[in-house]
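Work through these exercises with the model open beside you. Try each task before reading its solution.

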Amino acid sequence: MLSLVVLISGGGSNLRALLEASQDAEFPARVVAVGADRPADGLIHAEEYGVPTFSVAMSNFADRDAWADELLTQVLAWNPDLVVLSGFMKLLPPTFVAALAPNLINTHPAYLPEFPGAHAVRDAIEAGVAETGASVIVVDNGVDSGPIISQERVPVKPGDTEATLHERIKPVERRLVIQAVLDIANSHITLKDI
Ligand code: GRF
């Protein structure tokens, strides 16, 4: 059984999908804790499923490294096999990544390496592309630049806003991240070989 810690910053719809998947006795992973960098709305999903939560706000620390050290301490306290960034909107310093790599994955609402960064959906709209996508990657020290585990194209429709496009992308992200967790848990994927 793969132990997951999920880190979020927002509404946590991808987190909820993992929580729902892990209700299935056949699903080979369990969310053992959920962390956030702020009092994220999505923490309510963890509470609903009785999963412990923690929040480490950068504003309580002198700098990014001190914040990340505390976040890492709280993540490691749960002894996770895999940490999933799911709508986590902070860049993590190399010390954090090195402590977990390669067992640190991220979902991104674009077909990487297209549109990396915090505004991928808006950037796709502004670029006027006919399609974008969703990706699951292994986190490295760059911005959404790590090895790609899986990705899938998502069409952009005429009149799409950032919100309507993002809502079309998220279900694809959810499916990809659940499949990635399954493949990792079943050793169909070996993260160090990606
Ligand atoms: C997801 O699309 C994630 O990839 C991006 O922000 C969104 C968060 O959605 N970084 P949610 O919080 O899982 O609903």
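**Exercise 1: the sheet**

Thr-132 stands opposite Val-154 in S7. This is a predicted model: local features need pLDDT of at least 70, side-chain atom pairs count only at pLDDT 80 or more, and totals for chains, interfaces and linings use all residues. Residues are numbered from 1 along each chain as its sequence is written, and side-chain values use heavy atoms, with hydrogens and water left out.

Step 1. Strands (E, at least two residues) and helices (H or I, at least four) are DSSP runs, numbered from the N terminus.

Step 2. Two strands pair if DSSP finds at least two bridges between them.

Step 3. Read the order: S3-S2-S1-S4-S5-S6-S7, an open sheet of 7 strands with mixed pairing. Strand S3 (53–55) and strand S7 (148–155) each have a single partner strand, so one side of each is left without a neighbour in the sheet. On average, neighbouring strands of this sheet are turned by 20° against each other, direction ignored.

**Exercise 2: helices that pack**

Task: find which strands helix H1 touches.

Step 1. Locate H1 at residues 13–21. Contact means heavy atoms within 4.5 Å.

Step 2. H1 packs on the sheet and touches S1 (2–8), S2 (29–36), S4 and S5 (104–108). The direction of H1 makes about 160° with that of S1. Axes are lines fitted to C-alpha atoms, for helices over the stretch in contact; angles run from 0 to 180 degrees between N-to-C directions.

Task: describe how H5 and H6 pack.

Step 1. Helix H5 (residues 120–127) and helix H6 (residues 162–185) pack at about 120°, with axes 9 Å apart.

Step 2. List the contact residues. H5 supplies Val-121, Arg-122, Ala-124 and Ile-125. H6 supplies Glu-162, Leu-165, His-166 and Ile-169.

**Exercise 3: rings**

Task: classify the aromatic pair.

Step 1. The structure holds 1 aromatic pair. Rings of Phe, Tyr and Trp (its six-membered ring) pair if their centres lie within 6.5 Å; planes under 30 degrees apart count as stacked, over 60 as edge-to-face and the rest as tilted.

Step 2. The ring centres of Trp-67 and Phe-88 are 6.2 Å apart and their planes are at 5°, so the pair is stacked.

Step 3. Trp-67 lies in helix H3 (64–76) and Phe-88 in the loop between strand S4 (82–85) and helix H4 (94–100), so the pair ties together parts that are 21 residues apart in sequence.

Step 4. Trp-67 and Phe-88 are both buried. Buried means under 20% relative accessible area, exposed over 50%, partly exposed in between (1.4 Å probe, protein chains only).

**Exercise 4: backbone details**

Task: locate two cis peptide bonds, one at Pro-102 and one at Pro-113.

Step 1. Ala-101 and Pro-102 are joined with omega about 0°. Pro-102 sits in the loop between H4 and S5.

Step 2. Leu-112 and Pro-113 are joined with omega about 10°. Pro-113 is in the loop between S5 and H5.

Task: is Phe-115, a residue with positive phi, buried or exposed?

Step 1. Phi of Phe-115 is about 50°, although the residue is not a glycine. Phe-115 lies in the loop between S5 and H5.

Step 2. Phe-115 has 17% relative accessibility, so Phe-115 counts as buried.
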